Amino acid sequence: MPFCEDCGKWFSEKHRHTCPSVWEVQKIDDDDYWVERRGYDEEEAAEAYAEYYNGDGAMLDHGQIEVRVRKPGSTDCKVFEVSAEIAVSYHIVEVDN
Ligand SMILES: [Zn+2]
């Protein structure tokens, strides 16, 4: 599967790849700290921020965060509530009895 050096995403050879747009995302209580995340819309950028923020499990500890998302340099932004949950997966292996 090819990897795009520009946006850092893997993509299918069957579809033409277009890099997701760059957005600026800010956690609402970090007032002057904006980070750039990619997404095809604001919601995807908010999710990309959540993956980045939750890298150390911080969001799962705090339950929910609110983020602002804007086009770089714009004053218009959308606000999202973001939460995360852990999914349980089961692995079954037959053993000799
Ligand atoms: Zn790309």
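The structure is a predicted model, in which local features need pLDDT of at least 70, side-chain atom pairs count only at pLDDT 80 or more, and totals for chains, interfaces and linings use all residues. Residues are numbered from 1 along each chain as its sequence is written.

**Overall fold**

- The protein chain has two helices and four strands, where helices (H or I, at least four residues) and strands (E, at least two) are DSSP runs numbered from the N terminus.
- Read along the sequence, these elements follow the pattern β-β-α-α-β-β.
- The radius of gyration, taken over C-alpha atoms, is 17 Å, well over the 13 Å that the globule rule (2.2 Å times the number of residues to the power 0.38) gives for 97 residues, so the protein chain is more spread out than a compact globule.
- Taken along the principal axes, the C-alpha atoms of the protein chain fill a box of roughly 65 × 40 × 15 Å.
- Confidence is lowest in helix α2 (residues 58-62), at a mean of 78, and highest in strand β1 (residues 21-27), at 96.

- Of the 97 residues of the protein chain, 12% count as buried; a residue is buried if 20 or more other C-beta atoms lie within 10 Å of its own, exposed if 12 or fewer, and partly exposed in between, with C-beta atoms placed from the backbone.
- Not counting residues up to four places away in sequence, Val 69 touches several residues, including Trp 23, Ala 45 and Phe 80, a contact being two C-beta atoms, placed from the backbone, within 7 Å.

- Six bridges join β3 to β4, which run antiparallel, and two strands pair if DSSP finds at least two bridges between them.
- In β4, Phe 80 is the bridge partner of Val 67.
- Of the six residues of β4, the number buried is zero, so this strand lies largely in the open.
- Lys 71 has its place in the loop between β3 and β4 (78-83), and Lys 71 is partly exposed, with 14 other C-beta atoms within 10 Å.

Definitions and conventions: pLDDT = per-residue confidence, 0-100.
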